[in-house]
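User: Can we go through this structure together? I want to start with the salt bridges.
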Amino acid sequence: MKADFWHRKWENDEIGFHQPGVNALLKTYWPMLGVAEGSAVLVPLCGKSQDMVWLHAAGHPVLGVELSEKALADFLAENGLQGRSAQHDRFCGYELDDMTLFCGDFFHLSAVDCQGVKAVYDRAALVALPPEMRVPYADHMKAILDKAVPMLLIGLDYDQALKAGPPFSVPEREIRDLFGDRYQIEVLHSDTFERKGVATTETVYRLTPLNPA
């Protein structure tokens, strides 16, 4: 899946994947990650998610990474925010008080960029990636993060033969294959519902580092 696909989606306002409000599962299960107030949170493939506003209001500096500049510009406009141009050799984007929004390829994010990150919130990143990109995504995430960084990850599981992604089906066994070498993976919540005529299970996972030292 190439960058043009996502640019076209945002330019044509074909963003059915965007949630207009704060994700209720984030509100409920974020405290179970045990992340201290003041700790920075990475939100990969953040779009214009209101979840970033909620995390910021909860006392967390936010680092969002998004391919579409329009998504980030819309985020600022819809929330009445103004940002300074980000100064970076691999990203454009915006700098705000306790919030950095990088526009560019997530795979260009480095360990230096993530030095202050103490947690990850992934609601829309892993499920946005086709199968061939998920191992590189997980490997890159583990490479750029400190070993003590936990994650709250929300996944979807459904019969991919009945409906094309994105968002894609990423079953629990695949998540364990991707991250089980580094994290203890716990299911905090799971619920099955009908999404566009297809039975879909949404699951919240807590990923706790196995060897944080």
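Analyst: What follows covers salt bridges, then a helix. This is a predicted model, where local features need pLDDT of at least 70, side-chain atom pairs count only at pLDDT 80 or more, and totals for chains, interfaces and linings use all residues. Residues are numbered from 1 along each chain as its sequence is written, and side-chain values use heavy atoms, with hydrogens and water left out.

User: OK, how many salt bridges does the structure hold?
Analyst: The structure holds 10, a salt bridge being a side-chain nitrogen of Lys or Arg within 4 Å of a carboxyl oxygen of Asp or Glu.

User: Which side chain does Arg-123 meet in a salt bridge?
Analyst: That of Asp-51, at 3.8 Å, N to O. Arg-123 lies in the loop between strand S6 (117-122) and H5, and Asp-51 in helix H3 (residues 51-57), so the pair ties together parts 72 residues apart in sequence. Helices (H or I, at least four residues) and strands (E, at least two) are DSSP runs, numbered from the N terminus.

User: Is Asp-51 buried or exposed?
Analyst: Asp-51 is buried, at 1% relative accessibility. Buried means under 20% relative accessible area, exposed over 50%, partly exposed in between (1.4 Å probe, protein chains only).

User: Switching to H6. Which residues are buried there?
Analyst: Ile-175, Leu-178 and Phe-179 are buried in helix H6 (residues 172-179). On the other side of H6, Arg-173 and Asp-177 are exposed.

User: What do the buried ones pack against?
Analyst: Helix H5 (131-144) and strands S7 (151-158), S8 (183-195) and S9 (198-209), with contact meaning heavy atoms within 4.5 Å.
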